[in-house]
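User: I have a model open and want to talk through the folds of its chains. Can we start with the overall make-up and then look at a sheet?

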Amino acid sequence: MEYNELEGLSSFHLDVIRETVNIGAGNAATALSQLLGSAVTMDVPKAELVSIYNISDRYASPTELVCAVYLRFEGEISGNMLWIMNEEVSSQLVKVLAKKNLGNISVEQLNEVADSLLLEVGNIVLSSFLNAISSMINCSLPVTVPAIVHDMLGAILDLLAAYYGMVGDVAIVSETNLRITDYETPMNGHVMLLPDPQSLSILLSKLGVL
Amino acid sequence: MAEVYHVGMGEIVVAKHPVILTSLGLGSCLGLVIYDEIAKVAGMSHIMLPENHEGREVKKFGKYADTAVPKLIEELIALGALKSRLKAKMAGGAQMFSIPGKNSGSFLAIGERNIEATKKMLSNFGIPLVAYDVGGNKGRSVEFYTDNWIMVVKVIGSEVKKI
């Protein structure tokens with residue numbers, strides 16, 4: 001299968017990718033739950049072909065302020081992963097993490113460590129996700145150093161639209177929500193697995209369906 | 001009241017004064033405006049990529065810098081603009097994520113390539129780029145007003161810029 005045949009992925013292939021996300025996200029939820037000592041639930045995963053022109057307003061207003069942790073994996077199979085939370089969730093998460101791990105610290109100190117905490121948790125979530133897939137397909141998926149941004153949702157999703165846009169007009173978006181539920185306001189983060197178009201056929205053949 | 005047009009990814013919108021053209025949440029994408037103050041027409045393109053190098057059939061002319069610029073000019077002229085009077089303004093082309101050792105030449109730097117390709121196309125067509133706010137690592141929202149031919153650029157956590 002050539003990468004420009006992305007549009008021709010069957011619903012069976014998408015089901016298999018959805019199941020892969022299920023396994024990855026399950027492992028990520030477990031890791032997050034152990035880290036926080038809190039229950040973490042996940043939504044039924046999705047794997048869909050989406051028009052690249054609709055990506056930026058698929059979830060919320062493109063101007064909504066969010067926090068996103070990004071990393072890239074590059075092995076036999078390559079691609080990108082994102083963990084996106086809206087900004088209220090990320091600040092709530094920082095407070096929970098700081099209290100658990102740092103005791104009582106001042107607001108100034110908290111601001112200094114906020115991003116490194118989020119980056120580290122994001123790294124754990126995304127790496128656990130990939131580890132599960134990696135063992136399932138028996139293929140190592142080395143990751144880059146993660147990166148974090150706080151910006152408009154549309155500006156972050158822009159990159160994905162452009163990325164898949166290089167080879168066509170559709171993107172494959174496989175995703176789920178992880179919810180940290182033990183708190184008054186559950187904290188909801190969105191996890192996205194975005195395989196490179198060139199890697200899809202390798203992924204599907206490793207999964208035994210191509 | 002001027003009508004507001006949202007210019008989505010890969011789109012081109014051309015309109016007569018009075019109008020407000022906007023693109024929201026531009027990351028690596030570029031919001032390019034070309035306008036003629038005398039004929040009072042303006043068009044915006046939400047450019048996603050530098051060039052259609054694969055030579056595939058283009059469904060959305062606004063998607064690539066190298067197809068968006070000629071299409072914008074063509075549509076503006078059809079609305080009464082004079083090519084010699086056209087001017088351009090643009091904003092966007094940020095690099096949202098940086099990963100050590102993975103930046104130059106990778107897709108993360110697509111914003112920079114969008115800026116370069118658009119500048120080159122404008123200069124090929126002899127259209128002066130009179131103002132721009134590009135690059136960096138922050139997303140932008142832009143609004144272009146035909147009242148004063150000003151582009152308002154909004155960045156989270158920064159003051160609004162008027163260019």
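**Chain A, then a sheet in chain B**

Analyst: Chain A has five helices and seven strands. This is a predicted model.

User: In what order do the elements of chain A run from the N terminus?

Analyst: They run α-β-β-β-β-α-α-β-α-β-β-α. With a radius of gyration of 17 Å, close to the 17 Å that the globule rule gives for 210 residues, chain A is as compact as a globular protein of that length.

User: What box do the C-alpha atoms of chain A fill?

Analyst: Roughly 55 × 35 × 30 Å along the principal axes.

User: And how much of chain A counts as buried?

Analyst: 55% of its 210 residues. The accessible surface of chain A is about 8400 Å², and carbon and sulfur atoms account for 50% of that.

User: Switching to chain B. What is the strand order in the open sheet?

Analyst: The five strands are ordered β2-β5-β4-β6-β7 in chain B, and the pairing is mixed. At the edges are β2 (12–16) and β7 (129–134) of chain B, each pairing on one side only. From one strand to the next, the twist averages 10 degrees.

User: Which helices pack on it?

Analyst: Helix α1 (residues 65–78) of chain B touches β2, β4 and β5 (41–47) of chain B, with its direction at about 165 degrees to that of β5(B). Helix α2 (residues 110–124) of chain B touches β4, β5, β6 and β7 of chain B, and its direction makes about 20 degrees with that of β4(B).

User: How do β4 and β6 of chain B run, parallel or antiparallel?

Analyst: Antiparallel, with six bridges joining β4 (residues 30–36) to β6 (residues 87–92) in chain B. B:Leu32 is opposite B:Met90 in β6(B).

Notes:
Residues are numbered from 1 along each chain as its sequence is written. Chains are lettered from A and ligands numbered from 1 in the order in which they are written. This is a predicted model: local features need pLDDT of at least 70, side-chain atom pairs count only at pLDDT 80 or more; totals for chains, interfaces and linings use all residues. Side-chain values use heavy atoms; hydrogens and water are left out. Two strands pair if DSSP finds at least two bridges between them. Helices (H or I, at least four residues) and strands (E, at least two) are DSSP runs, numbered from the N terminus. Axes are lines fitted to C-alpha atoms, for helices over the stretch in contact, and angles run from 0 to 180 degrees between N-to-C directions. Contact means heavy atoms within 4.5 Å. The radius of gyration is taken over C-alpha atoms; the globule rule is 2.2 Å times the number of residues to the power 0.38. Buried means under 20% relative accessible area, exposed over 50%, partly exposed in between (1.4 Å probe, protein chains only). Accessible areas come from the Shrake-Rupley method with a 1.4 Å probe; for residues, only the protein chains shown count as cover.
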